[in-house]
Amino acid sequence: MRKRTGSRFGLSALALLAGCAGTPPPDWALEAHGAMARTLDAALQGDARVEAAEFERARAQLSRTGRPGLLARAELMRCAAHVARLDLGPCPGFESLRIDADAADRAYADHLLGRADAAAVALLLAHHQAVQRRGEAALAGVDDPLARLVAAATLLQQGRAGPGTVALAVETASERGWRRALLAWLGVQRRMAEQRGDAAEAARVQRRLDAATAAPRRAGG
């Protein structure tokens, strides 16, 4: 089988739905892969309509396999995108399928809640383990942008996210054009500036928030 590289679950983890290396992936896997990619991007942009429609397409393809573990993984991937945009809390779609999920997926579900114990952390991919051990110092080493945002969100839930963590999350979301995630992380950045009495920084962040929420101008208007 394909080695599990990249995030669990960042965009590169969509390859987990595409079967084994060396053999052409079946149609259901290709369709599910594309639909999940669009699901995650829509979630991070904040397009709820597209997100819901694409996720239903992905579920329809995965259900063809009769493998509830794959459905559980898809639910977990979607929840990871929501955690990345700071919609924090349980993942009910996954929890209803937890019994059929593998141990690593169950550990990752706990990780998304910021409460993975040592045994669960040991089942995470290496970069997530590094962030749990070293915190902000390891965050820049997470190559996958979605995984980086997820790792930052887990640090935030654990009370371990400093200004550097938040700044990196802001720039990650900004570079990808993930507006919903960007707005969430900018909000955190502004609150941090306000709490330490840095009015100039809070005003700078507010200008970025204003720019991100400004309605586009109509041509000729």
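**View 1. His111 in helix α5.** His111 lies in helix α5, residues 103–112 (helices are DSSP runs of H or I, at least four residues, numbered from the N terminus). This is a predicted model: local features need pLDDT of at least 70, side-chain atom pairs count only at pLDDT 80 or more, and totals for chains, interfaces and linings use all residues. Residues are numbered from 1 along each chain as its sequence is written, and side-chain values use heavy atoms, without hydrogens and water. His111 has a relative accessible area of 1%, so it is buried (under 20% relative accessible area, 1.4 Å probe, protein chains only). Beyond neighbours within four places in sequence, His111 is in contact with Ala116, Leu124, His128, Gln132 and Thr154 (contact: heavy atoms within 4.5 Å).

**View 2. The cover over α5.** In α5, 8 of 10 residues are buried. Among them are Ala104, Tyr108 and Leu112. Their cover includes α3 (68–84), α4 (92–95), α6 (118–121), α7 (126–134) and α9 (145–157).

**View 3. The ends of α5.** At the start, a side-chain oxygen of Asp102 comes within 3.2 Å of the backbone nitrogen of Ala104. Gly114 follows α5, with a positive phi near 75 degrees.

**View 4. α9 against α10.** α9 and α10 (residues 163–176) pack at about 150 degrees, axes 10 Å apart (axes are lines fitted to C-alpha atoms over the stretch in contact; angles run from 0 to 180 degrees between N-to-C directions). The two helices are therefore roughly antiparallel (angles over 145 degrees). The contact includes Leu149 and Ala152 of α9, and Leu168 and Thr172 of α10.

Notes:
Buried means under 20% relative accessible area, exposed over 50%, partly exposed in between (1.4 Å probe, protein chains only). A polar contact is a pair of N or O atoms within 3.5 Å; within protein, one must be able to donate a hydrogen and the other to accept it, and residues adjacent in sequence count only if both atoms are side-chain atoms. Angles under 35 degrees count as roughly parallel, over 145 as roughly antiparallel, 65 to 115 as roughly perpendicular and the rest as oblique.
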